[in-house]
Amino acid sequence: MLVKVFGAAVQGIDALVVTIEVNCSQGIRFFMVGLPDAAVKESHERIVSAVEHNGYRFPRKQVIVNMSPADIRKEGAAYDLPLAVGILASDEKIETGKLSEYMLMGELSLDGSILPIKGALPIAIKAREEGFKGLIIPKANVREAAVVNHLDVYGVENITEVIRFLNGEIELEPTVIDTRAEFFREYTYFDLDFSDVKGQESVKRAFEVAAAGGHNIILIGPPGAGKSMMAKRLPSILPPLTLQEALETTKIHSVAGRMERGSSLLSQRPFRSPHHTISSVALVGGGAFPQPGEISLAHNGVLFLDELPEFSRQVLEVMRQPLEDRKITIARAKYSIEYPAGVMLVASMNPCPCGYYNHPEKECICSPGTIQRYLGKISGPLLDRIDIQVEIVPVPFEKISDTRPSESSESIRRRVIAAREIQAARFADYPGIHCNAQMTTRLLNRFAVPDEAGLKRLKDAMNRFHLSARAYDRILKVARTIADLEGSEGVQVQHINEAVNYRNLDRENWGDR
């Protein structure tokens, strides 16, 4: 008997339908075709143990399984459940009436338990798009998939539940998630707050400007000055995720298998802080079986690179294009995959190997050549892509011991949201442009033209610091954001002045002794 069961394959952050055809006939052999990988081929042993452990008999016949489309590689153990159901249905152990209405995915253990899978959310989205009535997946993934409306999502723990449901012997209750309630439940709660930071008002201001315009920022200062402390608090002043951004971010984490068990929708912007020993593939994504990298896992959030010069030169250089294009393309001989990479880059570094160059109290022991070689680990083109460069100094004892709370993240966030609302209205007619950091040269010439005094100040800075054309654009973008924070329609000289002051590493005397 020939039957068809439906599953899905995840490519990038999207899914496509996989039709599993099973035919049982006379014989004793098992064939599987349709470009399955080793894990899919090994499903035969798992299925035999699972079905027989639960009181069913694997057919003693010739079983032919075809997974269509045949030119798409099928990877992983998530096809165990639809394969098992197809084989039992072909052997007339399961009624076929409901098979066309449901998509099934799940990994089987030897006792028939159904284990979690990756990519439940994009699979659920595809099931709804293709008009399936419902989706049957592991119970551990059910809340993640149930955020998709107009689709019955059933979480199951054992293959027996699936068999009895398809045979009409039991009814399963679909999991219902109020997507908006889930989204708004914790999206404004943060463990870390800027009120904990003593002093550093100028650095807090730089973070406020960066958050308001979506700008990349780098902090240069000695150990213990508070670089990491403030970077970890940046998500608390960023505008909340929109529902669309939350779905997109959750899809990426779902595909990567990074969703916590029982979680549904990510409601806070991600914060990723990879170690400096990370490889370029782990950072940008790819591999033999392509997966999203750290830069994609930080999409719509913050990617924090602590001790930037300690990262390998290859890793840093491979980030240049994603930071500019806000996406990653993984190309292979037969296909290419695109992952989103719209991140705010926050980096920190010591001013020299010993960490005490320009320190007000401690003496630097590094030679001038050593300092220059250390700074030279970060290429000019990469620095050009970082809009705000801020020098940070240690906080004096008087401010550390001050028990009065500093300005809270909530109050800073209100100003940031107000500035973002101005930008949203400005770029309403420009798809894909949401904040000042994303402006093209054409938009800069329209929305960020400085006044006469500001233009003169900018010309002086360009000549003095020998800035590149990209740095020129960055200064104008930051100045436009500063103007938005003040509610100013035009870019004025004071906005240009502050933006130029955020190019510390471009100064001609930086690193000289």
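In which crossing does α8 pass α18, left-handed or right-handed? The crossing is right-handed; a crossing is left-handed if the near helix is turned anticlockwise from the far one by less than a right angle, and right-handed if clockwise. The model is predicted: local features need pLDDT of at least 70 and side-chain atom pairs count only at pLDDT 80 or more, while totals for chains, interfaces and linings use all residues. Residues are numbered from 1 along each chain as its sequence is written, and side-chain values use heavy atoms, with hydrogens and water left out.

**View 1. Packing of helix α8 (residues 201-213) against helix α18 (residues 409-426).** Helices (H or I, at least four residues) and strands (E, at least two) are DSSP runs, numbered from the N terminus. The two helices pack at an angle of about 35°, and their axes are 8 Å apart. Axes are lines fitted to C-alpha atoms, for helices over the stretch in contact, and angles run from 0 to 180 degrees between N-to-C directions. From α8, the contact (heavy atoms within 4.5 Å) uses Glu208, Ala211, Ala212 and Gly213. From α18, it uses Ile412, Arg415, Val416, Ala419, Arg420 and Gln423.

**View 2. Burial and length of α8.** Ten of the 13 residues of α8 are buried, where buried means under 20% relative accessible area, exposed over 50%, and partly exposed in between (1.4 Å probe, protein chains only). Among the buried residues are Val203, Lys204, Phe207 and Glu208. From first C-alpha to last, α8 reaches 19 Å, close to the 18 Å expected at 1.5 Å a residue; the expected span is 1.5 Å times one less than the number of residues. Gly214 follows α8 and has a positive phi, near 70°.

**View 3. An open sheet of five strands.** The strands lie in the order β11-β14-β17-β10-β18, with parallel pairing; two strands pair if DSSP finds at least two bridges between them. At the edges are β11 (271-272) and β18 (388-391), each pairing on one side only. Strand β14 (residues 302-305) is joined to β11 by two bridges. Phe271 stands opposite Val302 in β14.

**View 4. Ser280 in helix α11 (residues 280-284).** Ser280 counts as buried because its relative accessibility is 16%. Leaving aside neighbours within four places in sequence, Ser280 is in contact with Gly285, Gln314, Val315 and Val318.

**View 5. Ala469 in helix α21 (residues 469-486).** Ala469 is exposed, with a relative accessible area of 58%. Ala469 and Asp384 are 85 residues apart in sequence, and their C-alpha atoms are 9.0 Å apart in space.
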